[in-house]
Amino acid sequence: MRGREARHVPAVVELDRPAGPGPGVTLLLLAAGLAVLGFSALPIDAQDVGGLEEDTFRFLNEDLWLPYWPTWLLMQLGSVVVVPLVVVAALVARRRRLAVTAGVAGTLVYVMGKVVRHWIVRGRPARILEDVVVRGDPALGTGYLSGHMGLAVAMAAAATPYLGWRGRALVWALAGFVGLARIHVGAHMPLDVVGGTGLGLAGWAAVHLAVTAIPAALAARQSPAEAAVPS
């Protein structure tokens, strides 16, 4: 009797069970991220800036006041050093899937950001506009796209399935602030930040699809006998 009951006991749930959207929603998010990336790149010109983008930049760069050091500190949430910090924090919390997703997605977004910069060349704001307010050390390299924004979005997306609504609101607010800060300090134009957002979302979605969404969907199709604990 006990042997029969044991065959119908569900498998022990892992401490880091699959979390987040399924394959269908993840594919939509992947497509949305690629669409945002593509459409933000279309108007990019090496030396010319559209009127609406320039007006937005002028407001956030010149008219908006933010305290420099707190802004600079929060802006580092989009730097590459955040990726290993998130991975270590996830491992300490015994969230192995989060560690893998964050590590792989962060690496993918970082590398793809470098690739995009070779394809689409655009100068930093101070090189394509006059009277740009540069706060702190001038950013080097090309402007499109914002790698800080890409990494901030990828890390926020990776953490979202493991957080409550307050945590989700916080990580996305911080990710949004990273983009605003990059414009405020004169490092990027608005479309650079939009492109980074698309890349970060697409990069996370691709990794989530491979690491969690597809494996979870396949596991759900297993027969009860395959999922049962051996007696």
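**Cavity, pockets and salt bridges**

User: Which residues line the largest cavity?

Analyst: A cavity is a set of points on a 1 Å grid over the protein atoms alone where a 1.4 Å probe fits but cannot get out, and lining residues have an atom within 4 Å of a point. For the largest cavity, the lining consists of Ala19, Leu98, Thr101, Ala158, Pro161, Tyr162, Trp204, His208 and Thr212.

User: On what kind of model do these values rest?

Analyst: Residues are numbered from 1 along each chain as its sequence is written, and side-chain values use heavy atoms, without hydrogens or water. Local features need pLDDT of at least 70 and side-chain atom pairs pLDDT 80 or more, while totals for chains, interfaces and linings use all residues, since this is a predicted model.

User: What volume does the largest cavity have?

Analyst: The count comes to one cavity of 30 Å³ or more. Grid points are joined across faces, edges and corners, and a volume is the space filled by probe spheres set on the points. For the largest cavity this volume is about 50 Å³.

User: Which helix gives the largest share of the lining of the largest cavity?

Analyst: Helices are DSSP runs (H or I, at least four residues), numbered from the N terminus. Helix 6 and helix 10 (190-220) each supply at least two residues of this lining. The largest share, three residues, comes from helix 10.

User: How many charged residues are in the lining of the largest cavity?

Analyst: Ala, Val, Leu, Ile, Met, Phe, Trp, Tyr, Cys and Pro count as nonpolar, Asp, Glu, Lys and Arg as charged, and the others, Gly among them, as polar. By these classes the lining of the largest cavity has six nonpolar and three polar residues, and the number of charged residues is none.

User: Which helix contributes most to the lining of the largest pocket?

Analyst: A pocket is an open set of points with protein on both sides within 12 Å along at least five of seven lines. The largest pocket holds about 470 Å³ of space. Its lining has 24 residues, with Lys114, Arg117, Arg124, Gly147 and His148 closest to the centre. Helix 6 (96-119) and helix 8 (147-159) each supply at least two lining residues, and the largest share, six residues, comes from helix 6.

User: How do the residues lining the second largest pocket divide by class, and what are the numbers?

Analyst: The second largest pocket has about 370 Å³ of space. Its lining has 17 residues, with Val86, Met155, Ala156, Ala159 and Val171 nearest the centre. Helix 5 (82-92), helix 8 and helix 9 (165-184) each supply at least two of the lining residues. The division is 16 nonpolar, no polar and one charged.

User: How many residues apart in sequence are the parts tied together by glutamate 53 and arginine 122?

Analyst: A salt bridge is a side-chain nitrogen of Lys or Arg within 4 Å of a carboxyl oxygen of Asp or Glu, and the count here is four. Glutamate 53 and arginine 122 form one of them at 2.7 Å, N to O. Glutamate 53 lies in helix 3 (residues 51-63) and arginine 122 in the loop between helix 6 and helix 7 (125-128), so the separation of the parts they tie is 69 residues.

User: Are glutamate 53 and arginine 122 buried or exposed?

Analyst: Relative accessible area decides this: under 20% is buried, over 50% exposed, and in between partly exposed (1.4 Å probe, protein chains only). Both glutamate 53 and arginine 122 are buried.

User: What distance separates the C-alpha atoms of leucine 108 and alanine 154?

Analyst: Leucine 108 is in helix 6 and is partly exposed, with a relative accessible area of 33%. Alanine 154 is 46 residues away from leucine 108 along the chain, and their C-alpha atoms are separated by 9.7 Å.
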